Amino acid sequence: MDVSDNHYCFICGRDNPLGFKAAITVDRETQSAQCTLVVPAEYQGWQGMVHGGIISALLDEVCAYAGMTVAGTVVTGELKTRFHKPVPVEHEVTVSAQVVNQARRTVLVEAKLFLQGEVLASAEAKMVVVRS
């Protein structure tokens with residue numbers, strides 16, 4: 001599989017005019033990734049609530065960044081998202097992910113979306129290492 005970055009990713013791509021342009025930071029030492037952002041009302045599902053697909057995309061993206069701290073390029077093989085409470089639009093949220101295990105070509109990652117310290121959504125991801 002040939003995977004390349006043209007900076008057009010919906011979540012982190014700086015060149016996508018419709019994207020979030022999320023500034024995701026990584027910590028190779030702790031094998032983690034994190035970003036803080038405000039989700040505009042244009043991305044709601046029900047009134048005042050962030051659409052579940054957007055929440056999943058945010059969790060997926062930080063999982064990929066965390067996975068890349070140990071394995072280079074990765075793609076999502078599986079994503080299991082749990083919605084604990086509604087995520088309100090127009091509020092600053094933090095999304096973080098942590099590698100929990102690596103076995104051969106699979107990196108297991110856990111992620112959480114927080115609002116003022118409360119977990120509103122979480123995910124478990126199996127990231128697949130892309131061979132160059």
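Serine 32 counts as buried, with a relative accessibility of 15%, where buried means under 20% relative accessible area, exposed means over 50%, and partly exposed lies in between (1.4 Å probe, protein chains only). The model is predicted, so that local features need pLDDT of at least 70 and side-chain atom pairs count only at pLDDT 80 or more, while totals for chains, interfaces and linings use all residues. Residues are numbered from 1 along each chain as its sequence is written, and side-chain values use heavy atoms, with hydrogens and water left out.

Serine 32 belongs to strand β2, which covers residues 32–38; helices (H or I, at least four residues) and strands (E, at least two) are DSSP runs, numbered from the N terminus. The side chain of serine 32 makes a polar contact of 2.6 Å with that of threonine 30, a polar contact being a pair of N or O atoms within 3.5 Å of which, within protein, one must be able to donate a hydrogen and the other to accept it, and for which residues adjacent in sequence count only if both atoms are side-chain atoms. When residues up to four places away in sequence are not counted, the contacts of serine 32 include Ala66, Thr69, Ala97 and Gln98, contact meaning heavy atoms within 4.5 Å.

Apart from neighbours within four places in sequence, serine 56 is in contact with Leu79, Thr81 and Phe83. The end C-alpha atoms of α1 are 28 Å apart, in agreement with the 28 Å that its 20 residues should span at 1.5 Å a residue, the expected span being 1.5 Å times one less than the number of residues. Just after α1, glycine 72 has a positive phi of about 70°.

The largest nonpolar core contains 36 residues, and Leu37, Leu58 and Val95 are among those with the most contacts inside it; such a core is a set of buried Ala, Val, Leu, Ile, Met, Phe, Trp, Tyr and Cys residues joined through side-chain atoms within 4.5 Å. Helix α1 gives the largest share of this core, nine residues.

A search of the whole structure finds zero disulfides, a disulfide being a pair of cysteine sulfur atoms within 2.5 Å. The sulfur of cysteine 9 is 3.7 Å from the closest cysteine sulfur, in cysteine 12, and is therefore too far away for a bond.
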